[in-house]
Structure formats: structure tokens, C-alpha cells
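Colleague: I would like a close look at a single part of this model. Please walk me through it step by step.

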Amino acid sequence: MAPRRTTLSGRLGGDGALALAVDGLFARGVADEELAPLLRGENVNRLRERQLRFLTAAFDGPKPYRGRPLAVIHAGMPATEKHFARVLTHLSTTLHELEIDDSTVAGALSGLPALSPSPLPPPAPTSPQRPALTTAPAPTTPQAPRRPP
């Protein structure tokens with residue numbers, strides 16, 4: 001009898017499936033006309049590895065996330081909540097293509113913000129007279145990453 005997969009990571013298929021999901025996510029990201037500019041000039045292989053470690057931890061994997069807070073990582077990037085939503089859409093599509101059931105995908109996506117309540121810096125204020133800034137200001141006080149109980 002196969003062991004029960006009680007963690008979200010296990011229900012998603014474990015390390016191998018998460019690696020495939022990250023590969024699919026990055027394939028979609030570099031092909032997405034709104035996300036691709038954020039990846040230009042970046043070491044995509046390094047980002048892929050970091051994303052895999054982050055998602056493994058976010059999905060109750062065996063190792064907790066020990067990276068910098070997401071707001072600090074994304075500070076100075078022109079990423080917005082719209083970009084974050086596109087990443088979640090691509091992740092959802094990829095997980096469904098890996099034949100992960102709807103309730104597990106929904107649980108996975110809903111759990112992502114729990115690791116960091118503010119994954120992106122707040123958007124820059126805009127006014128009718130001034131165009132929006134293309135980069136967000138760096139947060140003044142970095143938050144420590146949350147660790148699972």
C-alpha cells in the first residue's frame with residue numbers, strides 16, 4: 001500500500017512534480033509578454049532553483065523557507081500585483097497540466113501568500129499630474145520570514 005500524502009507537497013507529487021511545475025512556470029513566464037521583461041538579464045536557472053526552494057517550503061515540503069522576505073527580494077523591481085496574479089495563473093495552469101486535482105491546486109495557490117503577507121512592495125502613489133513610478137521604493141524595515149509552527 002502506498003503511503004498517504006498528507007502534506008500539500010506530497011499531494012502535489014513531491015519534489016519531482018514540483019520541479020516539473022517550476023520548469024513549466026518559467027517556460028510560461030519567459031513566453032509571457034508582461035512577465036518576460038522582468039526576467040531579462042536575470043540568471044533564470046538560479047531563479048528557477050530559488051523558486052523551487054520557495055514553493056517546496058510554501059507547499060509544506062521538508063525544508064522551511066529561509067530566504068529573504070519577498071518584499072525585500074522584489075524591492076526595486078517593477079513587479080506589481082498584476083504580475084503576481086499572472087504568475088499564479090501560470091502556476092495553476094502548469095499544476096493542472098500535471099494532472100493535479102482542482103482542490104489541491106486551489107489549496108496550493110491560497111497558501112502562497114501565507115509565507116509573506118506582502119510579497120511585493122506597495123505600489124508607488126500616482127496622481128493625474130505625475131506618471132506612476134516604474135520601480136517601487138525599498139521597504140525601510142525588512143520583515144523576518146515567517147516560519148511554519
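Is the crossing of α2 and α4 left-handed or right-handed? Please describe the surroundings of that crossing too.

Modeller: Keep in mind that this model is predicted. The crossing of α2 and α4 is right-handed. Two packed helices are described by the angle between their axes and the distance between the axes. Here, helix α2 covers residues 14–31. Its axis and that of α4 lie 10 Å apart, at an angle of about 135 degrees. That angle makes α2 oblique to α4.

Now look at who touches whom. From α2 come D15, L18, A19, V22, D23, L25 and F26. From α4 come V44, L47, R48, Q51, L52, L55 and T56.

The partner of F54 is Y65. Their ring centres are 5.2 Å apart and their planes stand at 90 degrees, so the pair is edge-to-face. The cut-off for that label is over 60 degrees.

Finally, check accessibility. Buried means under 20% relative accessible area. F54 has 10% relative accessibility, so F54 counts as buried. Y65 has 12%, so Y65 counts as buried.

Note on methods: Residues numbered from 1 in each chain as written. Predicted model: local features only at pLDDT ≥ 70, side-chain atom pairs only at ≥ 80, totals over all residues. Heavy atoms only, no water. Phe/Tyr/Trp six-rings, centres within 6.5 Å; stacked < 30°, edge-to-face > 60°. Buried < 20%, exposed > 50% of the residue type's maximum accessible area, 1.4 Å probe, protein only. Axes fitted to C-alpha atoms, helices over the stretch in contact; angles between N-to-C directions. Helix = DSSP H or I, 4+ residues; strand = E, 2+ residues; numbered from the N terminus. Parallel < 35°, antiparallel > 145°, perpendicular 65-115°, else oblique. Left-handed = near helix turned anticlockwise from the far one by under 90°. Contact = heavy atoms within 4.5 Å.
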